[in-house]
Every structure is written in C-alpha cells, then in structure tokens.
Amino acid sequence: MRKHLLEVDDLTPDDVDTLFATAAEMHDVQRRAVKKLPALRGRTVINLFFEDSTRTRSSFEIAGKWLSADTINITGKGSSASKGESLRDTVLTIAAMGVDALVVRHGASGAARRISEWVDASVINAGDGTHEHPTQALLDAYTLTRRLGELGDRHVVLVGDLTHSRVFRSNVRLLRMLGARVTVVAPPTLMPSGVDAWSARDGFATSWDLDAVLPTADAVMMLRVQRERMTGGFFPTAREYTVGYGLTRDRLALLGDTVPVLHPGPMNRGLEIAADAADAAQSLVLDQVSAGVAVRMSVLYHLLAGETA
Amino acid sequence: MSHETPTAPLLVRGATLPDGTRADLLLADGVVTEVGPGLDAGSAEVLDADGLVALPGLVDLHTHLREPGREDAETVATGSRAAAAGGFTAVLAMANTSPVTDTAEAAERVLDLGRAAGLVDVQPVGAVTHGLEGQQLAELGLMARSRAGVRVFSDDGRCVADARVMRRALEYVKAFGGVVAQHAQDPTLAGPDACCHEGETSGRLGLPGWPGVAEETIVARDVMLARHTGSRVHVCHVSSAGTVEVLRWAKAQGLPVTAEVTPHHLLLTTDEVAGYDPTYKVNPPLRPAEDVAALRAALADGTIDAVATDHAPHARHDKEHAFTDAAFGMVGLETALAVVSAVMVADGPFGWDDVARVMSANPARIAGLAGQGRPLAVGEPANLALVDPAARVTVDRDATHSLSRNNPWHGRELVGQVRATVLRGAVTHRA
C-alpha cells in the first residue's frame with residue numbers, strides 16, 4: 001500500500017481486498033463491549049480539518065482512538081491564504097510537532113496532494129474540495145459488498161449534484177475498479193464538465209433520466225444537493241429538482257423493496273431523498289456510518305502499522 | 001542612464017539578419033550607421049556575432065513588473081534586467097499594481113522607474129477604469145497627455161465586462177489614438193473560484209473552470225464594438241480556438257482589431273494541472289492541445305499579430321497554497337524567445353523574419369512605440385537582440401534575473417538563447 005491515501009487511484013484492487021478484510025475484523029471489534037485495540041499505541045494522528053465536518057471527523061477520531069492512537073483534532077475555517085499564511089507554513093508547523101498521520105479535510109481540490117508533498121507523515125484525504133473522498137468510497141463499497149456480495153457486473157446508480165461531489169468522483173473510480181457497472185444521473189447543469197469524454201474513457205454511463213435508469217439498478221446512491229445551488233442557476237426550484245431527480249416514494253416503489261439505497265449524508269429529506277426512502281428497510285444509511293469507522297480503522301492500520309509490522 | 005547618454009560605437013560582426021543574409025552592423029550614437037559585409041571596426045568595440053541571428057530588439061506588449069506594491073515579487077529594475085536577458089528592448093508594464101496605474105502621476109512614476117533602471121524602455125499601460133473596478137473611466141486623457149504618453153489602456157487581470165463602459169472607453173480613446181487591450185473573460189460565465197480550463201481535466205480534478213466561451217463571447221462583443229466605434233481593440237493573451245475564429249472573421253472585415261498570444265499558450269496544455277501544481281495556474285488558463293494547435297496556426301497566418309509574455313512574477317509563498325487558493329501567473333520574459341523559437345521556428349513554419357514581425361515590429365506598432373520594432377537598417381534605432389538559434393538550453397528557474405521563481409519551463413529543454421541585447425547602441429545583456 002502506498003504511503004498516502006489521496007485518491008482512489010492510490011489503491012490497487014489487492015489493496016482494496018486487504019482493506020476490506022481488515023475492516024471486517026474491525027467491524028467485529030465494534031460490537032464488543034471493550035473496543036480498544038493496541039495496534040497504534042504511541043502513534044499520533046492529527047485530524048486537520050479546514051472545513052466543517054461532524055461525521056467524517058468523528059468517524060476518524062473514533063477509528064484512531066479504538067486503535068489506541070493519540071488522536072487530535074485541529075480545525076481552522078477558511079483558507080490559510082485569507083489569514084496571510086501559506087498552506088505550506090500552516091502544515092509544516094503542525095507536522096513539526098511530530099505526527100505519524102495527517103487526516104486532511106480542505107475546501108480546495110488537490111489540497112491533500114499538495115500537503116503530502118511537504119510533510120513526512122502519511123496523509124489521508126478526508127475530502128478535498130470537489131475532488132475526492134476516498135474513505136467514503138471505500139466505506140460505500142464495503143457496505144455494498146456486505147449486502148450484495150461481489151460487485152462485479154452489479155449496476156450501481158449515483159444520482160445528484162455530480163459537479164460538486166467528491167463522493168461521486170471517488171465512488172465512480174472505486175466501483176469501476178471493483179467491476180461494477182455504473183450509471184450517474186443528474187440534470188445537465190449538474191453534470192461535471194467534460195463528462196462525455198471522461199465517462200467514455202473510464203467506462204461508465206451518464207443519464208438525465210432517472211426513471212429510465214432505476215429499473216435496472218442493483219443499488220442506488222443518492223448524493224446531497226445543496227439548496228444554494230438554486231441561486232447559481234443549476235436548477236430552478238427544489239420542487240422541480242425533486243420531481244426530476246429525487247428518490248421519491250413513487251420511485252422507491254419502482255425500485256422494489258430489495259434494492260439497497262445509500263446516502264453519504266447529511267441528507268436533505270424531502271429534496272433528494274424522501275423520508276420513506278431514507279427510513280426504508282432497504283436503506284443502508286446507518287450501515288454506511290458504522291462501516292465508516294471500521295473502514296477508517298483499517299486504513300489507519302494499514303498506512304501506519306503496516307510499515308512497522 | 002543609457003537612455004540619454006551617448007554610447008561608444010559598436011560593431012556587430014558577422015550576424016545573420018532576419019532575412020537570412022549575413023552582414024556586419026555598425027552602431028553609433030544610438031542608431032545603426034552602416035550595414036554590410038566586412039565593415040571596418042575602426043575604434044568600435046567588436047561584438048562577435050558569428051552564427052548568431054540579429055533580431056530587432058524585442059517588444060513585449062504585456063508584462064507585470066509589480067512595482068509599486070509587490071516589490072518582493074518583482075521591481076521595475078529586476079523586471080527590466082529579466083527583459084534585457086530575454087532580448088527585449090521595450091516592455092509595456094500592466095496597470096494592475098498597487099496603487100493602480102490609473103492617473104498621469106502613477107504612469108509617470110513607472111516611466112521614471114524604467115528610465116532609472118535604463119535597460120529597456122518601460123512604457124506604462126494605463127487602466128481603463130478607476131481602480132480596475134470596471135465602472136468609472138480612469139483619467140485616460142491625462143495619462144495620454146502625461147510625460148508617459150500612454151496609448152495602451154487595459155484593466156488586465158480583469159475584463160472590462162460592462163459593454164457600456166467598454167463602448168465609452170473605445171470612443172473616448174479615439175481622440176488621442178489610444179487602444180484598449182482587453183482581458184477577454186466574461187466573469188459571469190464562470191464562478192469566482194475558476195482556476196483552470198473547464199473540460200474533462202477540470203471535471204476529473206474537481207477544479208472550477210473557465211470555458212473557452214467565456215473568452216469568445218467577450219471577443220465577439222468587442223469586435224462588434226470596434227466596428228461600431230471605429231476604435232482599436234487589442235485582445236490580450238488569446239487562449240481558445242473559438243477566439244481565433246472570431247478574430248479571423250474580424251480581420252477579414254478589415255476591422256481595427258489586433259491580438260496577442262503568450263508563449264505558454266503556444267506550448268503548454270491543461271494536462272499540466274493534473275498534479276495540482278499552481279506553477280501552471282494562469283489566467284487565461286492553459287487549454288487543450290486543439291486550442292494550442294489553433295493558436296500556432298493563427299500566429300503563423302497573421303490572425304494573431306504578436307507574442308506577448310504576460311510575465312507575472314509571484315513571491316514563492318503566494319504559490320504555496322492549494323491550487324484554487326494560489327496566485328495566477330507565470331514568469332516568461334527570459335524564456336519567451338526560446339519558446340517561440342522551439343515552437344514556431346524549430347518545429348514550425350517561421351523564419352527569423354517572422355519572429356521579428358511578431359515579437360518586435362507588430363507589438364511596437366500596436367503599442368505606438370515609434371523608436372522600437374524598426375528594421376535593422378541604416379538610420380534606424382540601434383536596438384537588437386543577438387540569438388544563438390542552435391543553443392539548447394535546459395531552463396533553471398534559479399538562474400534568473402527576476403525576483404520570482406514561478407517558472408513553468410523549469411527543467412525543460414528549449415532551443416535558442418539570447419547572447420546579447422542592445423538598446424540604442426548600449427549593451428544591456430550579454431551571455
């Protein structure tokens with residue numbers, strides 16, 4: 001496994017197998033009364049979050065603590081540029097304290113990569129702008145694998161604000177790596193630029209018509225749509241978005257009651273996902289959260305313990 | 001210094017002129033006094049130009065010298081040294097300094113700083129609008145009447161986006177033969193965070209982009225405003241194939257529209273941003289290979305008139321950010337000729353006379369610089385650059401006269417090196 005996890009392409013299919021196998025073991029630990037493992041005792045993991053996050057930061061924090069690492073959160077809103085300090089100076093200052101891993105969330109795409117060029121510590125990308133969020137894709141695929149078995153030839157449908165979604169970018173890479181068929185659905189204004197060339201090269205399908213795609217779906221992943229996008233003219237009203245691209249009660253019926261529904265959260269109930277869908281038996285939303293801790297334990301373990309084991 | 005001081009005679013021995021003929025050039029009192037084979041040096045210092053091409057001194061329509069305001073990134077003096085090293089004898093200094101060059105006093109200050117440095121003619125560009133804010137016209141007429149004699153006006157860095165303001169500026173500068181140099185980029189066609197070409201690469205990287213159409217629509221509008229007003233529009237740093245099509249149409253109509261292209265847009269593509277290295281963050285952005293090919297063809301057929309560097313030095317810490325947060329721009333004065341020679345001469349259709357046209361004569365004509373861009377002929381100003389056309393140079397960003405290191409050519413091999421630069425008979429650079 002590489003030193004850093006910056007994007008899905010840092011992983012090989014074998015790495016993913018290894019990560020999932022360890023995650024399954026960690027998942028079992030999660031159900032024990034005493035959850036702590038000594039694997040990363042004495043190691044220091046800093047969660048360096050330049051952007052607000054509750055679930056991802058807590059997930060990494062719990063993962064680190066259950067592995068007995070010293071886990072510290074540092075949060076700073078806004079770009080370092082706005083404070084007159086370069087990102088390099090900010091990061092070198094923190095790294096100089098003696099850090100084994102930096103878990104980085106930043107509002108700018110590529111920030112984790114830049115940081116990895118400056119520090120000796122392992123860097124884990126916990127979301128960089130609209131680029132990638134590789135541990136989210138790992139936990140999504142892990143969750144799906146536990147429900148569906150091998151993902152080869154399974155048809156996974158991703159729906160929502162693809163332009164601004166790092167979850168989409170990581171998921172499409174990982175799902176393709178695992179052999180799944182992928183269709184991404186969005187109105188044309190929320191399709192990423194150059195998606196035609198991109199999808200042709202990477203072998204996934206695109207559609208503007210959710211109803212045409214759903215009948216063949218083996219899993220549906222709904223992505224968050226920010227209401228602020230309306231002011232950017234990406235779509236006219238929330239109501240119109242829901243009618244076109246929301247997982248409504250009617251569409252849930254079209255899907256049948258066995259096809260799993262995922263959402264990385266936080267959900268906009270009533271906008272991209274109806275309460276009936278979010279709370280349905282086939283919804284894996286809470287499974288994703290629980291898998292998140294196990295998968296992040298696995299990632300921390302392999303990036304940090306792996307090198308000394 | 002060299003500006004008014006008489007210079008000792010200089011004999012340039014055995015140079016190849018842009019038309020391919022070989023000759024000696026005798027320079028005295030700031031002008032070319034004799035051209036021909038086997039000239040008698042007399043008391044003149046001899047500059048051996050065997051194997052070198054003599055070009056008229058290069059003229060850069062587009063530099064950022066950062067003074068006043070960001071003297072840690074560049075000063076007029078260091079920028080002038082870099083320009084001389086690049087074969088330039090005149091540069092136009094863009095107005096987006098701090099404070100902005102939007103008054104006669106500010107323009108004269110830049111002129112005087114350039115004269116004090118004495119290595120190239122530093123001609124200030126005046127802002128089109130007060131503070132580059134795009135609303136109120138700057139004191140265009142006072143800048144034109146000042147000692148600086150400003151004729152080129154630009155809000156470069158920003159687009160004069162408001163059509164009414166652009167129309168009034170074009171009408172107004174007619175009175176003194178001015179030209180508006182437009183940074184063509186509709187700010188409403190991309191988000192405020194746009195930082196690279198909008199296309200497959202930006203889609204994959206999750207970087208907000210500028211589509212080519214944001215440039216093309218403004219150029220199309222300005223071409224029609226040039227037709228309506230009969231005034232001159234110059235299009236800065238053309239980056240897209242669509243713009244080339246619009247320009248070709250405008251020129252076919254005989255409209256008073258000129259255009260420039262940068263060396264980096266002639267060679268580098270948007271693929272460079274794949275590693276999120278802000279060295280390649282520039283405005284307008286690097287575009288796909290199809291655009292690069294269209295720009296080369298347009299420069300070759302005259303649709304694009306000139307090469308201009310858009311030399312944009314930045315302090316190191318202003319690039320040490322995530323890509324979207326880092327400053328725009330790259331240095332280019334010292335490498336411009338080598339890039340043009342590599343792309344347009346070694347791998348392209350250009351002869352050295354074409355290089356002289358797009359890097360000296362045309363930019364001087366567009367800027368209205370009477371003493372620049374003249375042919376190497378008797379009675380003309382003794383401004384020239386001596387180029388070793390065969391020298392292969394691996395660019396080292398630390399081997400520079402600029403204060404900044406944001407050099408996209410670092411580690412690349414280019415062809416063609418400036419061995420000497422002469423401004424009105426005085427040697428301003430030797431390598």
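**A first look at the two domains of chain A**

1. In this predicted model, the C-alpha centres of domain 1 and domain 2 of chain A are 25 Å apart. Domain 1 covers 8-133 + 289-305 and domain 2 covers 134-284 of chain A, with bounds from an automatic or database domain assignment.

2. Where do these domains meet? Contact (heavy atoms within 4.5 Å) links 31 residues of domain 1 of chain A with 25 residues of domain 2 of chain A. The buried area between them (accessible area, 1.4 Å probe, lost by two parts on being put together, summed over both) is about 2300 Å², and carbon and sulfur atoms give 64% of it. From domain 1 of chain A, A:Val8, A:Phe20 and A:His133 supply 29% of the area buried against domain 2 of chain A, more than any other three residues.

3. Two salt bridges (a side-chain nitrogen of Lys or Arg within 4 Å of a carboxyl oxygen of Asp or Glu) are counted between domain 1 and domain 2 of chain A. A:Asp9 also forms a salt bridge with A:Arg173, with 2.7 Å between the closest N and O atoms.

4. Over in chain B, helix 4 (residues 163-173; helices are DSSP runs of H or I, at least four residues) has buried residues (under 20% relative accessible area, 1.4 Å probe, protein chains only), among them B:Val165 and B:Leu170.

5. A word on reading the model: residues are numbered from 1 along each chain as its sequence is written, and chains are lettered from A and ligands numbered from 1 in the order in which they are written. Local features need pLDDT of at least 70 and side-chain atom pairs count only at pLDDT 80 or more, while totals for chains, interfaces and linings use all residues; side-chain values use heavy atoms, leaving out hydrogens and water.

Terms used. Buried means under 20% relative accessible area, exposed over 50%, partly exposed in between (1.4 Å probe, protein chains only). Helices (H or I, at least four residues) and strands (E, at least two) are DSSP runs, numbered from the N terminus.
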